[in-house]
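Here are my notes from going through this one. Have the model open while you read, and take the points in any order you like.

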Amino acid sequence: MRHSFIFASLALLAAVSCSTGKPMNTPKELLAHRLFAAVENNHILYGHQDDLVYGHDWLVTDTGGDTLGRSDVRAVSGHFPAIVGFDLGGIEFGDSANLDGVDFGLMRRAALKHIERGGIVTFSWHPRNPLTGGDAWDVSSDQVVSSVLEGGQLHPLFMQWLDRTADFLESLGKDTPIIFRPWHENVGSWFWWGGGLCSENDYRELYRLTWVHFTKARGLENILWCYSPNGNATVQEYMARYPGDEFVNILGVDTYMYVGDGSVEVARVRYMEELRGILVPLNAIATEHHKLMCLSETGLEGLTDPSWWTETLYPMLREFPVAYVLTWRNAHDKPGHFYAPWPGFSGENDFIEFCNKEEIELL
């Protein structure tokens, strides 16, 4: 399955170069080529959310002077993750820190430091509800998306929100390649832009409006755009809100393993079946549309499966041509909210074995 995707992807890259008559040397093209090459070489880049700014039992407090050398992933494996994720929620209000308390100046420094080391940075965005003033999870109204589109009562405010977000991304440098993953998990109905809160057409217009403003009005052509519905979506649901090939570079999926009160074995089977159920058709779609493919968010909170890395996640990654996988954060202020091990955690060795796999790429 990986090879059909690889050949189509390399053909696309060659076509891009021939159509322009120029080598692929823009930041965006080089980042895309790096990710396609990872797939070609059977590599999967491993990523971790907020990895440089806090960990399970530590927090960067010197936002301007910290060397940004700490990392739970590095402390256990000896390597930084290849990809670090950050979230921009709060930037739209002009806040100094995001929804998880990460100072935006620190985030900028950490992102640039990681890229300087040879890593990749991806940004998600949990903007607050512009209609109600609530958070991104405020789903009390199904009129929010329509209110921010062109002609809507909140369109001018929303354009200001887009500009504030673009300002931050531009501050990284227009020659700095990044991945941006807006309006994620859009088939579920837990965000104000979710499936039960807006029409398919309005969602597509929301995504396109964001892309057009960033790319055309603001000139941010250094961004690879990731479209990432939630993993329990059917392929029909996944594509029903797809904004179009022009607006998407990476097809992602967000899905987590939940154990709850059940057994690890049952949860593992359910997670793997859910992933396979979306990744099989998504692989065909990625090949047809010449797109990269990733597991844009995943993990098991608390890592209660002692062999989650090697017996659950790794077999799924090997089966499909995903360029990268991002596990969620290790909260410093919530002891049970972690998705990667730290020194002394009982599941360290399984993670180390995962990181030492030939296919898994870290820095």
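1. Is Trp 183 buried or exposed? At 0% relative accessibility, Trp 183 counts as buried (buried means under 20% relative accessible area, exposed over 50%, partly exposed in between, with a 1.4 Å probe and protein chains only). Look for Trp 183 in the loop between strand 6 (178–181) and helix 7 (200–217). Helices here are DSSP runs of H or I with at least four residues, strands are runs of E with at least two, and both are numbered from the N terminus.

2. Some housekeeping. This is a predicted model, where local features need pLDDT of at least 70 and side-chain atom pairs count only at pLDDT 80 or more, while totals for chains, interfaces and linings use all residues. Residues are numbered from 1 along each chain as its sequence is written, and side-chain values use heavy atoms, with hydrogens and water left out.

3. Backbone next. Most residues other than glycine have a negative phi. Trp 183 has a positive phi, near 55°, and His 290 also has a positive value, near 60°. His 290 sits in the loop between helix 9 and strand 9 (292–298), and its 32% relative accessibility makes it partly exposed.

4. The largest nonpolar core has 95 residues, and Tyr 46, Leu 88, Phe 123, Leu 169 and Phe 354 touch the most other members. A nonpolar core is a set of buried Ala, Val, Leu, Ile, Met, Phe, Trp, Tyr and Cys residues joined through side-chain atoms within 4.5 Å. Helix 9 (residues 264–289) gives the largest share of this core, 10 residues. Another core, of 22 residues, lies apart from it and includes Leu 31 and Tyr 339.

5. Setting aside neighbours within four places in sequence, its contacts include Phe 104, Met 107, Phe 123, Trp 125, Leu 169 and Phe 180 (contact means heavy atoms within 4.5 Å).

6. On to helix packing. Helix 9 and helix 10 (residues 308–319) pack at about 15°, with axes 11 Å apart; axes are lines fitted to C-alpha atoms, for helices over the stretch in contact, and angles run from 0 to 180 degrees between N-to-C directions. The two are therefore roughly parallel (under 35 degrees; over 145 is roughly antiparallel, 65 to 115 roughly perpendicular and the rest oblique). In helix 9, Arg 268, Tyr 271 and Arg 276 are among the residues that meet helix 10, whose side includes Trp 308, Glu 311 and Met 316. The residues of this contact divide into seven nonpolar, one polar and four charged. Here Ala, Val, Leu, Ile, Met, Phe, Trp, Tyr, Cys and Pro count as nonpolar, Asp, Glu, Lys and Arg as charged, and the others, Gly among them, as polar.

7. Helix 10 also has helix 11 (residues 348–355) beside it: the axes come within 8 Å and cross at roughly 30°. That makes helix 10 roughly parallel to helix 11. Seven nonpolar, one polar and two charged residues make up this contact, including Trp 309 and Tyr 314 from helix 10 and Phe 351 and Phe 354 from helix 11.

8. Last, two loop residues. Val 139, between strand 5 (120–124) and helix 5 (144–148), is partly exposed at 34% relative accessibility. Beyond its neighbours within four places in sequence, Val 139 is in contact with Ser 189, Trp 190, Phe 191, Trp 192 and Leu 197. Gly 64, in the loop between strand 3 (58–59) and helix 3 (72–77), is exposed, with a relative accessible area of 59%.
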